[in-house]
Amino acid sequence: MSSTVSVSKGCFIFKPKDAKSRKRKSTNCLNFSSEAWYQYYSRMWSTIEKKLEEINENVSQGVLDDLAEFISKCDTVKGKISSAALLLGVNMPDHTTLFSALSNRIRANMTPHVAILDSTDFTTVRSAIEKMVALLVKEKIVDLEDVENMSIDESSDEEDDAGTVFKKSDCNLPTLASWYNEKYADKDDSNCPKLIVILTDFEGTSARVLEDFILILSQYTGRLPIVMIMGVATTASAIHKSLSHTATSQLSLRLFQSQPSVYFLNNTLDQVFLKQDCPFQLGSKVMKFLTDIFLFYDFSVDGFIKGIKYCVMRHFYGSKTNLLCYLKSDMKGAFEGLNKDNLASIEQIPSFRKYLSSLPEEKQTKIKSSSPALKEVIRNLMKELRDAISVFHTFLRMLHALVSDLPDCPLGKQYREIYSEAVTMKVSNSASYKECFKILALTSKDELLPKLDKMLEILEECNLEGESVKSLKSKLKSHRKKIENVGMEQTSRTPTKSPSKAKFNVTSRAQFKEQLAKLSETKQPANPYELARMNLLEFLRDELFESTLIPLTSLPLHEVVLFDDVASVKRRLIGAPRAALHTALNNPHHYLECDCCKLSNDGEILPTMPDVCIAYKLHLESSSLINMYDWLQSFAAVVNPNGDGGKDLDDQIQARFTQAVAELQLLGFIKPTKKKADHVVRLTWGGSA
């Protein structure tokens, strides 16, 4: 007999299976995997992502090691909860990544019992304890009604999947204590794994609920080895300000400090994106825009990386020229994959056109008429561009090592700051550059030698080839050796006449002042160190950095590897809610893509449009004060064009109008007024502005 066939009439309920067991259908209708730009983008970003993972592991390794050592060595004292306060900073979006890495490490090396609690779990003490117990025992929570309504076959299947089923009402500390003692009854207390409770957002957690939570847990420390880790975004004093002395006295607290978010940012940029081996280079405008968002809004490194990820994708998307922004492994395939469309697009690049115009006309004609000749020119230019980028980054890092710790940091303290200035303009012509060398002219031997050692170390690590680079390297070593060996003894000075004994042949006050000025400018002969330092600085200023720090924007085909389209990045990363709202209300077809709302012109109002859109477009035609009756009549005329337009309107139309007006008031377009009866005030002007 079928399961829905019965002798008597009745209702048959079929409860759906657990949502977790249902496979989610893919709704992604965009498929770029077969397109060339996506393949190059995918390979490049996967390479970048691997480097980012390695850097994040290295940066957070120290604090994770300290926390792991604390958890393994902390002792369980009755009435005291072993606690760690992890000071993370205000970069809240990045906290999830750190706590996830901490949780994985604890589960892999120390104990499988880890509960991560968010501030939303602390609505009540009961909900917090239920969530904590469920996560610690790793059992499935079900409501009592679900257990009663579950069939025998379903309950047996659930037990096979998740072990013993815990009722939600049983998720409490006595149950946890009995479960723990039963599970580890055959082990010594020193060998039993600890129960780790992680609070990710201390400041966002209700202080009253957290106090009760701590006091209750402290009563079970004799039976359960509980260790609490609290993520604090501000300072350690926030714990004592939020919690009472009664609660804090139950905590055996120890502080841990993670690296500041700015350190993560500088580390990420210096070791991944601002390196000579990175094929994708950021322009100064995009760099400044992304760093401004980071420094003035959220301090989120994760958000910064997502912004750069969009820049990489935007750089490749739909472009026929940026396929030359390749990794070393893709070099051969990139040039072999160039077709006529790619070559035609490359010919239209402004910097390439400028390069061709500088060649003789015969050579221009030969290059344009022959695809192999054009490919060969592009290949040579790309090789020169890659070499120029390597030289640029190497010597810019040398300049950064020389000037980063100067007073007031005229060129900036971080490498990203000096990069933003040097990538688009010749840094040797800037006033900040000249100011740096004025300060360097006053440095001592002990300050100058470590800078030169750091510069030589950078030059050794880069492994640059070329006679010019080798010549500059040997000259720098020679200057460094002279400064190291020079003595500070004064050279013999030739006596000069003092102004009092000097003879002045003057006939006017102006001539007398001029001769006095010349005497004041007379300098004593410098000692050997000052002479060596002066020669070194002249070499660095006029030869080393002048010839190597060529702006990338002045090189042919720089558009292929350099992304500086800050306008498109702003449109995607910074929302314009008012413009989007105006577009949605003024032209709903833009988002709904339905034929019933398709407009022939912007001023048209269709009766098939949503009511709020009709009311909005009618309110745009009004002045600062809108008569509600006239507005209603206009609304009714649009919604029901065949109506008689009398005073007795349909109740349904009035209700629709009332709801549309209420929605516009909620959105902030209108507000009531007492100046005039039955009127509202219009609050916005300018349409899409």
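Trainee: At roughly what angle do the axes of H3 and H7 cross, and within what distance do they come?

Mentor: In this predicted model, the axes of H3 and H7 cross at roughly 55 degrees and come within 9 Å.

Trainee: Which residues of H3 and H7 meet?

Mentor: Val 125, Ala 128, Ile 129 and Met 132 belong to H3, and they meet Val 209, Asp 212, Phe 213, Ile 216 and Leu 217 of H7.

Trainee: What makes up the contact of H3 with H7 by class?

Mentor: Eight residues are nonpolar, none is polar and one is charged. Asp counts as charged, and Asp 212 in H7 is among the residues that meet.

Trainee: Which strands form the open sheet, and in what order?

Mentor: The five strands have the order E2-E5-E6-E1-E7, with parallel pairing.

Trainee: What makes E2 and E7 edge strands?

Mentor: Strand E2 (114–117) and strand E7 (251–257) each have a single partner strand, so one side of each is left without a neighbour in the sheet.

Trainee: How do you know that E1 and E7 pair?

Mentor: Two strands pair if there are at least two bridges between them. E1 (residues 81–87) and E7 have seven bridges, in the parallel sense, so they count as paired. Ala 84 stands opposite Arg 254 in E7.

Terms used:
Residues numbered from 1 in each chain as written. Predicted model: local features only at pLDDT ≥ 70, side-chain atom pairs only at ≥ 80, totals over all residues. Heavy atoms only, no water. Helix = DSSP H or I, 4+ residues; strand = E, 2+ residues; numbered from the N terminus. Axes fitted to C-alpha atoms, helices over the stretch in contact; angles between N-to-C directions. Contact = heavy atoms within 4.5 Å.
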